[in-house]
Amino acid sequence: SIRSDIKSKSEIGVLSNSFNDMLSQIERKDLNMSSLLDGLTVGVFDFNKDGAISKERSQETNNLFSGMDSINTLGSFFSRYDDTVETDDALGLLFDPDSLIDFNSLVEGIFPLRLYLERDEGETTHIKLDYSPIYKDKLLIKVIVIAEDITKQVTAERSSLYQIERVKRITAASSNIDSYMEEISVIISLFEMTIPRLQERWPVL
């Protein structure tokens, strides 16, 4: 690692020691940040007003998005995973300091909240995207993107909806059968009431 080798009790030596201490703190901070990111089970990365994506990202980000380690801009990210996004226009709107539209409303209008990634096996991975703003002196300086694989959840929801629809169809069919049986009962009752009259008129019956 980079360190100053100046050994002196002079002001330069003191400055050198302060410089080394600062580097040590930065390294510890970077190590802690890296450990935190690697421990996350969701994808995390951020971008600034220029659309530059920082190198600090969770390991799960690379797992979710193949080739993510070579992507450094938001434009290249969406070009690869959702080419419907006009990145330059979106960034201009999002980071406009004079904008009167709140962050969440802007995001919903210019960025996708879901991505659908086709895998080699022919399966589709459903990715949910959340966007979190970072402000400094009331100005937006960075946006954190949280990406979560919700494929299992979507599959479970679809299965649940299918079962609900199936129950509805069975219930509807059962209701129709009950109505049909009620009509049959009414017909039988009318027929039974008619038989004595017919027997009176035609004793042979």
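This is a predicted model: local features need pLDDT of at least 70, side-chain atom pairs count only at pLDDT 80 or more; totals for chains, interfaces and linings use all residues.
## Reading helices on a sheet

Author: In H3, Leu-74, Phe-77, Phe-78 and Tyr-81 are buried.

Reader: What arc do the buried residues of H3 fall within, seen down the axis?

Author: They fall within an arc of 85 degrees, so they line one face of the helix.

Reader: What covers the buried residues of H3?

Author: The cover includes strands E1, E2 and E3, together with helix H4. H3 lies across E1, E2 and E3, and runs at about 60 degrees to E2.

Reader: Let us take H4. Which of its residues are buried?

Author: Thr-87, Ala-90, Leu-91 and Leu-94 are buried in H4. Their arc around the axis is only 95 degrees, which puts them on the same side of H4. Look at the other side of H4 and you find Asp-88 and Asp-89, both exposed.

Reader: And what covers the buried residues of H4?

Author: Among the elements that do so are E1, H3, H5 and E4.

Reader: How do I describe two packed helices?

Author: Give the angle between their axes and the distance between the axes. Now the case here. H4, residues 87–94, packs with H5 at an angle of about 170 degrees. Their axes are 10 Å apart. H4 is therefore roughly antiparallel to H5, since angles over 145 degrees count as such.

Reader: Which residues make the contact of H4 with H5?

Author: H4 supplies Ala-90, Leu-93 and Leu-94. H5 supplies Phe-103, Leu-106, Val-107 and Ile-110. Sorted by class, the contact has 7 nonpolar residues, no polar ones and no charged ones.

Reader: Where is Glu-108, and is it buried or exposed?

Author: Glu-108 is found in H5, which spans residues 103–110. Its relative accessibility is 57%, so Glu-108 counts as exposed; the cut-off for that word is over 50%. Its C-alpha atom and that of Asp-130 are separated by 9.8 Å. Along the chain, Glu-108 and Asp-130 are 22 residues apart.

Reader: Now the sheet. How many strands form it, and in what order?

Author: The open sheet has 4 strands, in the order E1-E4-E3-E2. The pairing is antiparallel.

Reader: Which strands stand at the edges?

Author: E1 and E2 do. Each has a single partner strand, so one side of each is left without a neighbour in the sheet. From one strand to the next, the twist averages 30 degrees.

Reader: How many bridges join E3 to E4?

Author: There are 10 bridges between E3, residues 124–136, and E4, and the two run antiparallel. To place one of them, find Tyr-135: its bridge partner in E4 is Leu-140. H5 packs on this sheet and touches E3 and E4. The direction of H5 makes about 145 degrees with that of E3.

Reader: Over how many bridges do E1 and E4 pair?

Author: They pair over 5 bridges, in the antiparallel sense. E4 covers residues 139–149. Asp-46 stands opposite Ile-144 in E4.

Technical notes: Residues are numbered from 1 along each chain as its sequence is written. Side-chain values use heavy atoms; hydrogens and water are left out. Two strands pair if DSSP finds at least two bridges between them. Buried means under 20% relative accessible area, exposed over 50%, partly exposed in between (1.4 Å probe, protein chains only). Axes are lines fitted to C-alpha atoms, for helices over the stretch in contact, and angles run from 0 to 180 degrees between N-to-C directions. Angles under 35 degrees count as roughly parallel, over 145 as roughly antiparallel, 65 to 115 as roughly perpendicular and the rest as oblique. Contact means heavy atoms within 4.5 Å. Ala, Val, Leu, Ile, Met, Phe, Trp, Tyr, Cys and Pro count as nonpolar, Asp, Glu, Lys and Arg as charged, and the others, Gly among them, as polar. The arc is that of the directions from the helix axis to the C-beta atoms.
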